[in-house]
Amino acid sequence: MEIFIKKLTSVDMERQLELPNDTRREALPPFNGSRDIVIPIKFGHDGVEVDVHCSCRAGRLALTKGWDEIARNLNLNAGDFVALRREDNGRYKMTARSGRA
């Protein structure tokens with residue numbers, strides 16, 4: 001199940017990945033009253049997994065700690081696209097594609 005797809009901005013690259021408004025929140029682990037959760041996200045051809053913090057502030061979701069490792073390893077830039085999926089086994093996987101045509 002696709003949770004979101006987003007074209008990266010400079011803010012996403014410099015600070016944190018701000019999740020789009022149409023993010024399927026029900027596919028994320030429950031916050032249970034907390035402002036932060038940790039999501040193990042696989043990425044890349046090797047299936048490397050990183051614990052990424054997801055925070056909810058003023059109703060907005062953002063990937064914070066751990067996001068920079070994914071962005072660096074995937075060599076992402078503003079204009080590229082990322083997608084987060086929840087796989088059938090309940091695990092999370094992020095894929096990326098270049099925004100350059």
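R24 counts as partly exposed because its relative accessibility is 36%, where partly exposed denotes the range between buried (under 20% relative accessible area) and exposed (over 50%), computed with a 1.4 Å probe on protein chains only. Its side chain meets that of E26 in a salt bridge, at 3.6 Å from N to O. E26 is exposed, with a relative accessible area of 57%. A salt bridge here is a side-chain nitrogen of Lys or Arg within 4 Å of a carboxyl oxygen of Asp or Glu.

The model is a predicted one, in which local features need pLDDT of at least 70 and side-chain atom pairs count only at pLDDT 80 or more, while totals for chains, interfaces and linings use all residues. Residues are numbered from 1 along each chain as its sequence is written, and side-chain values use heavy atoms, with hydrogens and water left out.

**Salt bridges**

The count of salt bridges comes to five; among them are the following.

| Pair | Closest N and O atoms |
|---|---|
| K6 and D12 | 2.9 Å |
| K42 and E87 | 3.9 Å |

Side chains of opposite charge can pair when their charged atoms come close. In the pair of K6 with D12, both residues are buried. The bridge between K42 and E87 has its closest N and O atoms 3.9 Å apart. K42 belongs to strand β3, whereas E87 sits in the loop between β6 and β7, so this pair ties together parts that are 45 residues apart in sequence. K42 is partly exposed, at 25% relative accessibility, and E87 is partly exposed with a relative accessible area of 25%. Helices (H or I, at least four residues) and strands (E, at least two) are DSSP runs, numbered from the N terminus.

**Strand order**

Seven strands form an open sheet with mixed pairing, in the order β1-β6-β7-β3-β4-β5-β2. β1 and β2 stand at the edges with a single partner strand each, so one side of each lacks a neighbour in the sheet. Two strands are taken to pair if DSSP finds at least two bridges between them. β3 and β4 pair in the antiparallel sense over eight bridges, and D36 stands opposite S55 in β4.

**Nonpolar core**

The largest nonpolar core has 25 residues, of which L17, I41, L63, W67 and M94 touch the most other members. The elements that each contribute two or more residues to this core are β1 (2–7), β3 (36–43), β4 (48–57), β5 (60–63), α2 (67–73), β6 (81–86) and β7 (92–97). β3 supplies the largest share, four residues. Such a core is a set of buried Ala, Val, Leu, Ile, Met, Phe, Trp, Tyr and Cys residues joined through side-chain atoms within 4.5 Å.

Not counting residues up to four places away in sequence, L63 touches Q16, L17, L19, I41, V52, H53, C54 and M94; contact means heavy atoms within 4.5 Å.

**Positive phi angles**

Most residues other than glycine have a negative phi. N32, although not a glycine, has a positive phi of about 45°. N32 is found in the loop between β2 (17–18) and β3, and is exposed, with a relative accessible area of 70%. A58, also not a glycine, has a positive phi of about 55°. A58 is found in the loop between β4 and β5, and is exposed at a relative accessible area of 82%.
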